[in-house]
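This briefing covers a single protein chain. Look over the model below, then read on by topic.

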Amino acid sequence: MLIVTIKQGKEKSLLDRQPWIYASAVERVDGKPGEHMKPGATALIQSSSMQFLARAAYNAKSQIRARVWTFDQHEAVDHALIKRRIKAAVAARIAKGKKPAVNSGKPLYLVLGEEDGLSGLVVDWFGGQKGFLVCQFQAAGVDAWKVPIVQALIAETGCQNVYERSDELLRKGEGLPVVSGALAGDEPPDDMPCTENGVRFALNIKTGKKSSFR
């Protein structure tokens, strides 16, 4: 595992539970040769006095050098953590009485990055169990865990169709390739008929763009 040492005096934000670690806060990175160049590699974050601060996803290609997974020294970054975070996110949205409406252009915002302990992951749910989960992997950490994230989303929602949409600017800023496409099940249609406030229109959920119904 990588070990990232934070400069003296720069650990305050982490002690205050801020999840982002900028390049300017990093004193040094220790680990196996080449491992620090692997986007999203799990790193142990420590103070200059070698005090444990967090476990985070490290990315040498981003100005946000690391994004915290956990501040708990005893919590491992593994498949179980991913499942817990996805399950909690889905349960939190459903507990608020929210459900993805069928034939509506308005999605259920299912996963909201840092709010759900999944920095860089945004998931919108369109159309219920027979609809589509649209994911944006905007950071290297969640991108490295893409497969278990998709598996957990399907298990928790029952929706079998998962599509990846890329934000070109954010992906390039993370040194990640700009990719889009179906991750599971069917790819969404280019135009999905929707009705909102009595107005009919076509929605391309692959791009998020609306157009006049035709």
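Which residue lies over the face of Phe137? Lys146 does, at 5.0 Å from the ring centre. The model is predicted. The protein chain holds 5 helices and 14 strands. Buried residues make up 48% of its 214 residues. Among contacts with a separation of 6 or more, 49% link residues 24 or more positions apart.

**The five-stranded sheet**

- Five strands form an open sheet in the order E7-E8-E9-E10-E11, with mixed pairing.
- Strand E7 (108-112) and strand E11 (181-184) are the edge strands, and each pairs on one side only.
- Neighbouring strands are turned by 25° against each other on average, direction ignored.
- Helix H2 (residues 79-95) packs on this sheet and touches E7 and E8. The direction of H2 makes about 145° with that of E7.
- Helix H4 (residues 146-157) also packs on the sheet. H4 touches E7, E8, strand E9 (132-137), strand E10 (162-164) and E11. The direction of H4 makes about 150° with that of E9.

**Strand E8 and its partners**

- E7 and strand E8 (residues 121-126) pair in the antiparallel sense over 4 bridges.
- Leu112 has Val122 of E8 as its bridge partner, and Leu108 has Trp125.
- On the E9 side, 6 bridges join E8 to E9, and the two run antiparallel.
- Phe126 is bridged to Phe132 in E9.
- The hairpin of E8 and E9 has 5 residues between the strands. Gly127 in this hairpin takes a positive phi near 80°.
- How many of the 6 residues of E8 are buried? The count is 5, so E8 is largely enclosed by the rest of the structure.
- Trp125 is found in E8. Its relative accessibility is 6%, so Trp125 counts as buried, the cut-off being under 20%.
- Trp125 and Cys159 are 34 residues apart in sequence. Their C-alpha atoms are 8.8 Å apart in space.

**Helix H4**

- H4 has 12 residues. From its first C-alpha to its last it reaches 16 Å, close to the 16 Å expected at 1.5 Å a residue.
- Buried residues in H4 are Lys146, Pro148, Ile149, Val150, Ala152, Leu153, Ile154 and Thr157.
- In an α-helix there are 3.6 residues a turn, so residues three or four places apart point the same way.
- Gly158 follows H4 and has a positive phi, near 80°.

**The six-stranded sheet**

- A further open sheet has 6 strands in the order E2-E6-E5-E4-E1-E3, and its pairing is mixed.
- Strand E2 (20-22) and strand E3 (26-30) stand at the edges. Each has a single partner strand, so one side of each is left without a neighbour in the sheet.
- The twist averages 35° from one strand to the next.
- Strand E1 (residues 2-6) and E3 pair in the antiparallel sense over 4 bridges.
- Ile3 stands opposite Asp30 in E3.

**The aromatic pair**

- How many aromatic pairs does a search of the whole structure find? The search finds 1.
- Trp20 and Tyr22 form this pair, which is edge-to-face. The rings are 6.2 Å centre to centre, with 75° between the planes.
- Why does the pair count as edge-to-face? The planes are 75° apart, and the class applies because that angle is over 60 degrees.
- Trp20 is partly exposed, with a relative accessible area of 33%.
- Tyr22 is also partly exposed, at 42% relative accessibility.

- Most residues other than glycine have a negative phi.
- Arg17 has a positive phi, near 65°. Arg17 lies in the loop between helix H1 (12-15) and E2.
- Met50 has a positive phi of about 65° although it is not a glycine. Met50 sits in the loop between strand E4 (41-46) and strand E5 (52-58).
- Is Met50 buried or exposed? Its relative accessible area is 63%, so Met50 is exposed, the cut-off being over 50%.

Notes:
Residues are numbered from 1 along each chain as its sequence is written. This is a predicted model: local features need pLDDT of at least 70, side-chain atom pairs count only at pLDDT 80 or more; totals for chains, interfaces and linings use all residues. Side-chain values use heavy atoms; hydrogens and water are left out. Two strands pair if DSSP finds at least two bridges between them. Axes are lines fitted to C-alpha atoms, for helices over the stretch in contact, and angles run from 0 to 180 degrees between N-to-C directions. Contact means heavy atoms within 4.5 Å. Rings of Phe, Tyr and Trp (its six-membered ring) pair if their centres lie within 6.5 Å; planes under 30 degrees apart count as stacked, over 60 as edge-to-face and the rest as tilted. Buried means under 20% relative accessible area, exposed over 50%, partly exposed in between (1.4 Å probe, protein chains only). A charge sits over a ring if NZ of Lys or CZ of Arg is within 6 Å of the ring centre and within 35 degrees of the ring normal. The expected span of a helix is 1.5 Å times one less than its number of residues.
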